[in-house]
Every structure is written in C-alpha cells, then in structure tokens.
Amino acid sequence: MDCGIETRCIHGNLEKFEKDKTGAVSFPIYQTATFAHPEVGVSTGFDYSRLQNPIRERLEKVMASLEGGTDAFAFSSGMAAVTALMELFKPGDHIIAEADLYGGSIRLFNNISSKNGISFSFLDCSGDNIENYIKENTKAVFIETPTNPMMNVTDIRKISETAKRHNLLLIVDNTFLSPYFQNPLKLGAGIVVHSGTKFLGGHNDTLAGIIVTNSEEITEKLRFIIKTVGSGLSPFDSWLILRGIKTLSVRMERAQANAERIAAFLLKRPEIKMVYYPGIKGTRAYEICKKQARGFGSMLTFETESRELALHILKSVKLIQFAESLGGTETLLTYPATQTHADMPEEARIKNGIIDRILRLSAGIETAEDLINDLEQALY
C-alpha cells in the first residue's frame with residue numbers, strides 16, 4: 001500500500017509491518033535486556049537489546065520509510081549517531097565538512113575524530129566549490145542544510161554529483177527540516193543523520209539520534225558498530241520518539257507557519273539588522289529550498305543591533321524560553337555564542353557570523369500572536 005508521508009509518520013510502510021498480535025494500537029515497549037531461545041540454533045529474531053529490541057526495530061523501519069532508505073539505526077543521542085558514523089573511517093582519512101555545523105559536531109571532529117587520525121577541511125559548502133578541497137585521501141562530505149545556526153542552504157543534488165564523481169560518501173544532517181520537509185537520500189546523499197531529540201521527538205523530553213542509509217554495505221558496517229559500541233536507543237526512548245513522529249506532520253506545518261510570521265515581524269523591526277530564514281523570498285536559500293525541499297522549516301536566526309539588546313531579549317521574554325535545543329512544541333531562544341557553539345574556536349565562530357548579537361529561534365506551535373507579542377515587549 002503506497003501511503004502519503006502523513007500516514008507513514010503514524011503507520012510506516014503498512015506492507016512491511018505485522019500487526020501486534022494483542023491488537024495494541026500503541027506499539028508495546030519491550031522493557032527487557034535479553035530474550036529467551038527455544039533451543040540451540042533457534043531464535044525469536046531477538047537476542048539481546050544492545051543488538052536489537054522490537055520497538056527500536058519498529059522505530060528504525062518507520063524512519064527508513066520516511067527518508068526513503070533501506071535501513072535505519074536509532075542511537076542514544078544525535079551525537080552518538082555522529083560518533084558512530086566516524087567509525088566508518090580510519091586514521092589517515094580526510095573529510096570535507098560544512099563550517100557552519102552544530103557546535104557539538106565540530107567539537108567531536110576537532111577533539112575526538114582528529115585525535116583518532118581523521119582530518120577535516122571546514123568550508124562553506126553552500127558557496128565554496130568542494131572540488132577545490134578534495135584530496136587523495138578524502139572519503140566523505142558532511143553537511144547540514146539548512147546550517148546551524150546561520151541557515152545557509154546547500155544544493156544537495158549538486159554537491160552529491162560532485163561527491164559521486166570522486167567516489168565520496170555524502171552525509172547530510174537533516175535535523176532542521178526533518179524527513180517531512182526534505183529527503184536527502186532521494187537527492188543523492190548516501191547517509192542521512194538526525195538528532196531525533198529535536199523535531200522527531202518533538203516534545204523536549206528525550207534524547208535520540210537516527211541514521212538512515214540505502215547502502216547495503218553501510219548497513220552491514222553500522223549494524224556491527226551499533227552492537228559493538230552499545231549506543232543503541234533504549235526501549236522507552238524508542239517509544240517516545242515513535243510517539244513524537246506520529247504528530248510530526250502537523251507540528252512541522254504549524255511551527256513553520258509560526259516561523260514565517262515571526263520572520264515577517266522581525267524584518268520590519270529597525271532594531272533587527274538581519275533575519276536568516278530560508279522562507280524569505282528573493283534569497284538564494286529560498287530558491288534552493290524550493291528545488292529540494294517541501295518546506296522551509298521553523299528555525300530562524302536574527303541579528304540584533306547590539307549585544308546588549310540580544311541579552312535584554314533573552315532576559316525579557318516571558319512565553320518564549322531561553323534554552324538550548326530546538327524542534328519541540330515550545331518556542332525556544334538560544335544564544336549560540338555561549339551555548340550551542342561555545343566550544344568552537346572564537347575566530348572560526350566569528351568568521352561564520354556567530355557573533356554576540358546573534359539569536360537563534362526555534363518556533364513552536366503556540367498561538368503566533370502570543371509569540372510575536374512576547375518578542376515585541378522584549379524589544380523595549
């Protein structure tokens with residue numbers, strides 16, 4: 001049965017799933033560490049929850065369906081997923097990475113992956129020609145689009161064509177748009193990674209990471225990695241992410257509508273010097289998003305006229321909350337310079353535009369007028 005994405009958020013691909021024999025509408029949590037065997041050489045299909053658990057398997061099948069992949073992997077956090085990806089590479093390998101990545105990814109690359117012998121070239125993948133940075137030992141390209149927090153948009157199809165010409169693996173962090181709005185595998189990527197903590201979970205109540213691929217070779221390697229390092233998602237957290245995905249479509253639409261209205265409000269304010277949002281018509285980001293995505297998402301970044309005003313807004317908002325993370329039902333404001341990108345070298349951070357006047361906003365699903373009124377009163 002060929003279902004639309006809204007239906008697949010709830011049911012996955014119907015033909016691939018058996019109904020629970022009890023008739024349970026909510027897929028059960030199998031809160032068990034191990035599984036009994038009928039006899040030697042005979043298995044129920046499950047052995048030990050570090051390897052696999054029925055509800056984690058269900059979540060992985062749903063995510064593979066949503067992203068158009070052949071297999072998916074659920075990890076204990078977004079960073080656990082990215083860390084597992086780095087195990088695909090060996091000392092001496094080189095990776096081209098987007099410079100404007102989530103600060104946690106940059107911290108991992110600079111401090112852990114580099115220690116393990118993997119080198120990186122950070123560049124603006126939305127504007128620079130990656131071909132100029134490819135070396136003999138280059139193995140992959142790692143991008144976010146839109147980027148965090150400056151909302152740069154990379155043409156996935158174009159960069160995948162370059163990657164394929166040089167036999168490079170293209171990895172796309174699709175956290176900001178989610179599979180509801182964007183499917184990088186269908187545009188030529190080899191791997192898609194998500195912080196499931198964000199839009200997939202959608203309620204700021206659990207951590208998770210997801211990897212999706214359509215490569216049998218990568219699947220085999222990642223299955224070995226996830227069972228060996230033990231970073232698979234727990235049964236209860238798998239259930240929470242599955243529950244969140246059921247409302248992904250309606251949350252993404254509502255949050256995007258709120259972001260569009262907030263962006264329009266901020267563009268009219270003289271105290272706001274710049275608004276970075278892919279949904280602003282006439283921008284390069286808008287045109288690329290129109291080609292490769294079904295929406296613009298609910299993330300936006302804006303530059304205030306001074307550091308003092310940025311700090312004043314963070315202190316003065318009443319409904320909107322000053323907190324890290326994104327993608328939940330609540331609208332959150334983040335100060336990247338001291339939160340998400342605090343560990344990034346200052347020179348690189350400023351070069352990317354992450355200055356002390358920058359605020360990142362994740363629009364939630366509250367009443368839009370209430371959010372705008374809160375921002376308006378915080379500007380005084």
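First, the ground rules. This is a predicted model, where local features need pLDDT of at least 70, side-chain atom pairs count only at pLDDT 80 or more, and totals for chains, interfaces and linings use all residues. Residues are numbered from 1 along each chain as its sequence is written, and side-chain values use heavy atoms, with hydrogens and water left out.

Let's start with strand S12, residues 358-362. Helices (H or I, at least four residues) and strands (E, at least two) are DSSP runs, numbered from the N terminus. How many of the five residues of S12 are buried? Five of the five, so the strand is largely enclosed by the rest of the structure. Buried means under 20% relative accessible area; exposed means over 50%; partly exposed is in between (1.4 Å probe, protein chains only).

In a regular strand the side chains alternate between the two faces of the sheet. Here, Ile-358, Arg-360 and Ser-362 point one way from S12. Leu-359 and Leu-361 point the other way.

Now the partners. Two strands pair if DSSP finds at least two bridges between them. Strand S9, residues 299-304, pairs with S12 in the antiparallel sense over five bridges. Strand S11, residues 332-334, also pairs with S12 in the antiparallel sense, over three bridges.

Thr-331 sits in the loop between strand S10 (321-322) and S11. Its relative accessibility is 1%, so Thr-331 counts as buried. Its side chain makes a polar contact with the side chain of Glu-366, at 2.6 Å. A polar contact is a pair of N or O atoms within 3.5 Å; within protein, one must be able to donate a hydrogen and the other to accept it, and residues adjacent in sequence count only if both atoms are side-chain atoms. Leaving aside neighbours within four places in sequence, Thr-331 is in contact (heavy atoms within 4.5 Å) with residues including Leu-361 and Ser-362.

Next, helix H7, residues 216-229. H7 has 14 residues and reaches 20 Å from its first C-alpha to its last, close to the 20 Å expected at 1.5 Å a residue. That expected span is 1.5 Å times one less than the number of residues.

Which residues of H7 are buried? They are Ile-218, Thr-219, Leu-222, Ile-225 and Ile-226. Seen down the axis of H7, they fall within an arc of 130°, so they line one face of the helix. The arc is that of the directions from the helix axis to the C-beta atoms. On the other side of H7, Glu-216, Glu-217, Glu-220 and Phe-224 are exposed. What covers the buried residues includes helix H2 (54-67), helix H3 (78-86) and strand S7 (209-213).

Check the ends of H7. At the start, a side-chain oxygen of Ser-215 reaches to within 3.4 Å of the backbone nitrogen of Glu-217. After H7 comes Gly-230, with a positive phi near 75°.

Two residues remain. Phe-265 is in helix H9, residues 248-267. Phe-265 is buried, at 13% relative accessible area. Phe-265 and Ile-372 are 107 residues apart in sequence, but 7.3 Å apart in space, C-alpha to C-alpha.

Last, Asn-183, in the loop between helix H6 (178-181) and S6. At 5% relative accessibility, Asn-183 counts as buried. Its side chain reaches the backbone oxygen of Leu-66 at 3.0 Å.
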